[in-house]
Amino acid sequence: MQPRTPLVLCVLLSQVLLLTSADDLDCTPGFQQKVFHIDQPAEFIEDRAILNLNFNDCKGNDQLHYEVSNPYFRVNNDGGVVAVRNITAVGKTMFIHARTPHAEDMAELVIVGGKDIQGSLQDIFKFARTSPVPRQKRSIVVSPILIPENQRQPFPRDVGKVVDSDRREGSKFRLTGKGVDQEPKGIFRINENTGSVSVTRPLDRETIATYQLFVETTDANGRTLEGPVPLEVIVIDQNDNRPIFQEGPYVGHVMEGSPTGTTVMRMAAFDADDPATDNALLRYNIRQQTPDKPSPNMFYIDPEKGDIVTVVSPALLDRETLENPKYELIIEAQDMAGLNVGLIGTATATIMIDDKNDHSPKFTKKEFQATVEEGAMGVIVNLTVEDKDDPTTGAWRAAYTIINGNPGQSFEIHTNPQTNEGMLSVVKPLDYEISAFHTLLIKVENEDPLVPDVSYGPSSTATVHITVLDVNEGPVFYPDPMMVTRQEDISVGSVLLTVNATDPDTLQHQTIRYSVYKDPAGWLNINPINGTVDTMAVLDRESPFVHNSVYTALFLAIDSGNPPATGTGTLLITLEDVNDNAPVIYPTVAEICNDAKNLSVVILGASDKDLHPNTDPFKFEIHKQTVPDKVWKISKINNTHALVSLLQNLNKANYHLPIMVTDSGKPPMTNITDLRVQVCSCRNSKVDCNAAGALHFSLTSVLLIALFSLACL
C-alpha cells in the first residue's frame with residue numbers, strides 16, 4: 001500500500017464545485033471568471049456595458065437572476081454589466097451575485113483607481129476572495145462561504161463543497177457548530193460522502209451575521225482523522241430593512257427672529273441593515289411643511305447629519321405675524337444613499353417658534369377712573385393692557401407697580417393671571433373726612449426682560465383717579481375696650497364710668513345715644529344721653545358670668561343719621577374679691593368598723609370660692625358632741641385638711657358630728673356641717689352597716705378618697 005498523501009480539504013465559495021471526482025471536469029457551475037479588473041473611467045455612461053459576465057449552472061441557466069452590491073449598476077440578461085445612470089464615483093469594489101434554482105456564485109469587480117466610498121465587501125468580510133486563507137502548516141485549507149440573506153425556495157440548496165483530493169476509503173465528513181448541532185440547530189448540513197455543504201432555510205443577517213462552523217473527517221467508527229477545521233459562513237446583507245425613527249415624538253424649538261442657519265433639532269433614523277454598506281447609508285429630506293406660509297421652505301435638513309436649520313431671514317421668523325407659530329415637517333430617511341431604489345422611513349418633526357419679549361405691554365388708555373366708599377376694601381378697578389407676545393410666557397404676563405400717590409400704602413395692585421389685567425385694590429380703609437380724592441401713577445412691565453432693542457414707553461404708564469364717597473360711619477368708642485376695677489360687693493346704683501363715643505363724620509352734625517348691647521348677668525345700666533354706666537344689681541365675682549375675675553359687657557353708640565349708624569364698645573370690669581363665701585367641707589359621710597384597731601375615721605378637706613387671703617388656712621373644730629366627751633377628736637393636717645378620729649370603739653350605729661370650719665378672711669366666715677359617721681359590723685371580710693343606716697361606704701374607701709384629695713393640693 002502506497003503512503004497516504006496529506007489530506008487537502010477545501011471549502012469553495014458557493015456551489016461552484018459539484019464535482020464528485022477529479023475526472024468530472026466537463027462543466028463547472030458558476031462564473032467562469034470570478035475576479036475582474038477595470039480602470040476607473042471619467043464617467044460611467046448609462047446603459048453602456050463595462051464588461052460581460054459568463055455564468056453557467058450546467059442546467060441551461062433557467063431562471064437566472066443577478067444581484068449587484070452597488071445600486072448604480074445592473075446586469076442584463078446577456079451578462080452585460082451596465083450603469084443605471086451617468087455616474088462618476090462608485091467605489092473600489094462591487095460584487096455580483098448570480099443564482100438559478102440549480103447553482104449560485106459570486107464574482108468580484110475591482111475598479112482600478114476608484115475612490116473608496118464605503119468599505120468594500122472584501123474588507124467587511126475580511127477574507128481574500130482569490131485564494132484560500134492558510135490556517136496552519138497542515139493539509140487542511142478552508143475559505144469562507146458567502147450566502148445572501150432572504151434566499152427563496154427551493155431548500156435545501158448547496159452553498160459549498162468540501163473536497164478531499166486524497167480521501168481515505170470509508171472516511172466521512174462531519175460538520176459541527178452553531179447552526180448545525182448547536183442552537184439554532186439544523187440550518188446547515190454536510191453530505192458525509194460527497195462533502196457538499198447545504199443550507200436548509202433562508203438566513204437573516206440582522207439576526208445572525210456570521211456562523212463559525214467546523215469541518216472534520218472521521219473513520220467508520222466516528223474517530224477524527226483530520227481537523228476540526230474552522231469554516232466561516234458569512235451572510236451577505238440585502239436591503240430588507242427600511243429606516244426607522246425610534247426616538248419620537250420629535251419636537252424642536254427656535255426663538256423668533258433667529259439668524260438664518262440656526263440649528264433647530266436633529267433627526268436620526270436607524271437602519272438594521274449592514275452599516276458598512278449602502279443598505280444602511282441614510283439620506284434625509286423634508287417631504288412636506290405645514291403650514292407653507294410665509295415660505296414653503298422655512299427649514300432645511302442636512303441630508304447626511306439630519307440637522308434641521310432655518311433658511312429664511314429673521315424677519316420672516318416673527319411669531320406675532322406668523323399664521324401659526326407651530327410647523328410640522330414630514331421627514332424622510334432613505335437608505336441606499338438616497339437613490340430611488342432605497343427604502344424610506346418617515347417621521348413628523350414639530351417645530352415651535354418660541355416667543356421673545358420684543359413687544360412691551362401698553363395700557364389701553366392713559367387714565368382710569370374709580371369710585372370707592374370710605375371704609376370699604378377690595379378691588380376698585382381693573383386696568384387693561386395689550387401685549388402682542390405669547391400669552392403663555394413671561395414675555396406677555398404683566399407686572400404692575402404703583403410708583404406715585406400711595407404714601408399710606410392704602411392701595412395694592414396685583415395681576416389677574418387669566419386676563420393679565422391689573423386689579424387695583426384698597427387694602428386700608430379710606431377716610432372721606434381726611435381725603436376725598438386720590439391720584440395714583442401706575443407702570444406696567446413684563447415678567448421677562450425686554451430684548452435689547454425694545455424699551456418701555458409712555459404707554460407703559462397710566463394714571464388712576466379715585467373718588468372717595470362719604471358714608472354715615474358708626475360712632476367710635478374711645479378707649480376700646482374700656483376697663484374699670486371695683487369690689488364685688490359695691491352697692492346697687494354705684495357709678496362705674498362714663499363712656500365716650502365720637503362720630504367720625506365730622507362734617508355732619510349728628511347726636512349720639514347709648515344703650516346696653518350685651519350684659520349677661522343683667523347688672524348694668526347706661527344713661528342714653530351722657531353714657532354714664534351704673535349698677536342695678538350686686539356684682540358677684542363668683543358668678544358663672546365672670547371669667548378670671550373679669551366681667552365683660554358691650555354697649556352701643558347710635559348716631560342720628562339716616563339710616564343711623566352704630567358703633568360697639570366693650571367694657572371690662574375687674575372684680576376685686578371680698579370674703580362673702582363661707583368654706584365647705586368634704587366628705588360628709590364616713591364609715592368605721594366597731595372593732596377597728598385604727599380609730600382614724602376620715603380625712604376632711606375644705607374649699608372656698610373666694611380668693612386668697614379670704615380662704616385658707618382653715619380652722620377645723622367639733623362644734624358640739626352628742627356623746628360623752630373625749631369620744632371624738634379632730635386634728636389639723638395642713639391648711640386645708642384635718643383628721644377626724646375616735647378615742648375609743650363605739651357600738652354599731654349612725655353618729656352625727658357637727659364640724660365647724662372657719663376661713664382666714666377679715667372678718668372670717670364660718671360654716672357648720674354635720675359629718676355622718678356609720679359604725680359598722682365587720683366580720684369575715686364582710687361589712688354590715690344595715691343597722692347603722694342606709695349608707696354603706698367603707699372606712700377604707702372614705703380614707704382613700706380623703707387622701708387622694710389631700711394629694712391633689
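**Close-up 1. Arg 157 and the ring of Phe 155.** In this predicted model, Arg 157 is placed over the face of Phe 155, at 5.4 Å from the ring centre. The side chain of Arg 157 also makes a polar contact, at 3.1 Å, with the side chain of Glu 104, the residue taken up in the next view.

Close-up 2. Glu 104 belongs to strand S10, which covers residues 104-112. Its relative accessible area is 4%, and Glu 104 is therefore buried, since buried means under 20%. Besides the contact with Arg 157, the side chain of Glu 104 makes a polar contact with the side chain of Gln 151, at 2.5 Å.

**Close-up 3. The aromatic pair of Phe 363 and Phe 368.** The structure holds 11 aromatic pairs. In the one formed by Phe 363 and Phe 368, the ring centres are 6.1 Å apart and the planes stand at 65°, so the pair is edge-to-face. Phe 363 and Phe 368 are both buried.

**Close-up 4. The aromatic pair of Trp 632 and Tyr 655.** Trp 632 and Tyr 655 form an edge-to-face aromatic pair, with 6.1 Å from centre to centre and 65° between the planes. This pair links distant parts of the chain, for Trp 632 lies in strand S47 (residues 632-636) and Tyr 655 in strand S49 (residues 653-662), 23 residues apart. Trp 632 is buried, and Tyr 655 is buried as well.

**Close-up 5. An aromatic cluster.** Phe 245, Tyr 250 and Tyr 284 together form one aromatic cluster.

Technical notes. Residues are numbered from 1 along each chain as its sequence is written. This is a predicted model: local features need pLDDT of at least 70, side-chain atom pairs count only at pLDDT 80 or more; totals for chains, interfaces and linings use all residues. Side-chain values use heavy atoms; hydrogens and water are left out. Helices (H or I, at least four residues) and strands (E, at least two) are DSSP runs, numbered from the N terminus. Buried means under 20% relative accessible area, exposed over 50%, partly exposed in between (1.4 Å probe, protein chains only). A polar contact is a pair of N or O atoms within 3.5 Å; within protein, one must be able to donate a hydrogen and the other to accept it, and residues adjacent in sequence count only if both atoms are side-chain atoms. Rings of Phe, Tyr and Trp (its six-membered ring) pair if their centres lie within 6.5 Å; planes under 30 degrees apart count as stacked, over 60 as edge-to-face and the rest as tilted. A charge sits over a ring if NZ of Lys or CZ of Arg is within 6 Å of the ring centre and within 35 degrees of the ring normal.
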